[in-house]
Amino acid sequence: PQFLLLPVAITLVWLGLARGIAPLHSMQRRIRERPPDDLSPIDPRGAPQEISPLVDAFNDLLGRLSKSIQAQKRFIADAAHQMKTPLAGLRTQAELALRESDPAELRRSLANVASGSEQAARLVNQLLSLARSENPRAMDTVKTVDVVEVVRALVGDWFTAASARRIDLGYEGPDQPGMTRIRGEPTLFREMLNNLVDNALRYTPVGGRVTIRVIAEPECVVIEVEDDGPGIAPGEREMVFDRFYRVLGTQVEGSGLGLAIVREIAGRHEATVAIEDPREPSPAGGAGTRFVVRWPRV
């Protein structure tokens, strides 16, 4: 009887296993037959109850991946659209220079080409900075950073550019480092501050004032960049952080990416950035703007 029962038992076990894993084979076939661009959720119907958590987790991954790909597509489309303008301008000026025979007009066209190439280079650098700030691996080199040391060095780096426009670039805050330590990726942190200072210098009129202020609070380090520029209306203070957004009526050249980079870097470090009214009236007569970054302390 044992020789008769053993084949029957093996057959029954094989049929039971085949029937039990049939839904898994069906789901595997559906996933393999999907187009590469199909990131829609997997239909959990027909899947064994035991793997329902796995299906839910996989659908959550697909959702996050879809959002990331859509963001990348929008970024590439916006970047391509923004690059068309400076490249078209360079081509136009180069064609004009080729047709010019007057040395003065030729020099003027070449100066426009140089200016356009500088704008294009700045736009490319900002696009690379934005892509670097969005890279998840960028947070692998987080270190302890002293804000006072970085800001004081930053003032020295921007002093020549500020002096060329007769702008008073100053620093207010602790003289000795040690009380303003934060955790952050050093390169991204400096990139954020550079964009804030560059934005302030661009919109501050000749003879104006830009102040970088560091304040140590119990739970965070506050970094303020205050300028004497035309100011930003309260209704536009959130929109200026969007990519490629430019305030209408300004005559300042830019790509509209600097503040988007600032918010992206701050968000990656659980910091906040906001626009507030200046602490003091502007001596130059402008409305002024004060960017306030609150960064968690160590």
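**Inside the fold**

Author: Leu169 is buried, at a relative accessible area of 9% (buried is under 20%, exposed over 50%, partly exposed in between, with a 1.4 Å probe and protein chains only). Before going on, note that this is a predicted model, where local features need pLDDT of at least 70 and side-chain atom pairs count only at pLDDT 80 or more, while totals for chains, interfaces and linings use all residues. Residues are numbered from 1 along each chain as its sequence is written, and side-chain values use heavy atoms, leaving out hydrogens and water.

Leu169 sits in strand S2, residues 168-172 (strands are DSSP E runs of at least two residues, helices H or I runs of at least four, numbered from the N terminus). Leaving aside residues up to four places away in sequence, Leu169 touches Val155, Trp158, Phe159, Ala162, Val210 and Ile212 (contact is heavy atoms within 4.5 Å). Take Phe159: 10 residues separate it from Leu169 in sequence, and the two C-alpha atoms are 6.7 Å apart.

Now for another buried spot. Thr289 belongs to strand S7, residues 289-296, and counts as buried with 5% relative accessibility. With residues up to four places away again not counted, its contacts are Val225, Glu226, Asp227, Gly231, Ile232, Ile275, Glu276 and Pro278.

A handy reminder here: an α-helix has 3.6 residues a turn, so residues three or four places apart point the same way.

What about H6 itself? Helix H6 (residues 186-203) packs with helix H7 (residues 258-268) at about 145 degrees, and their axes are 9 Å apart (axes are lines fitted to C-alpha atoms over the stretch in contact, with angles running from 0 to 180 degrees between N-to-C directions). On the H6 side, the contact uses Leu188, Glu191, Met192, Asn195, Leu196 and Asn199; H7 brings Gly258, Leu259, Ile261, Val262, Ile265 and Ala266. Past the end of H7 comes Glu270, with a positive phi near 60 degrees.
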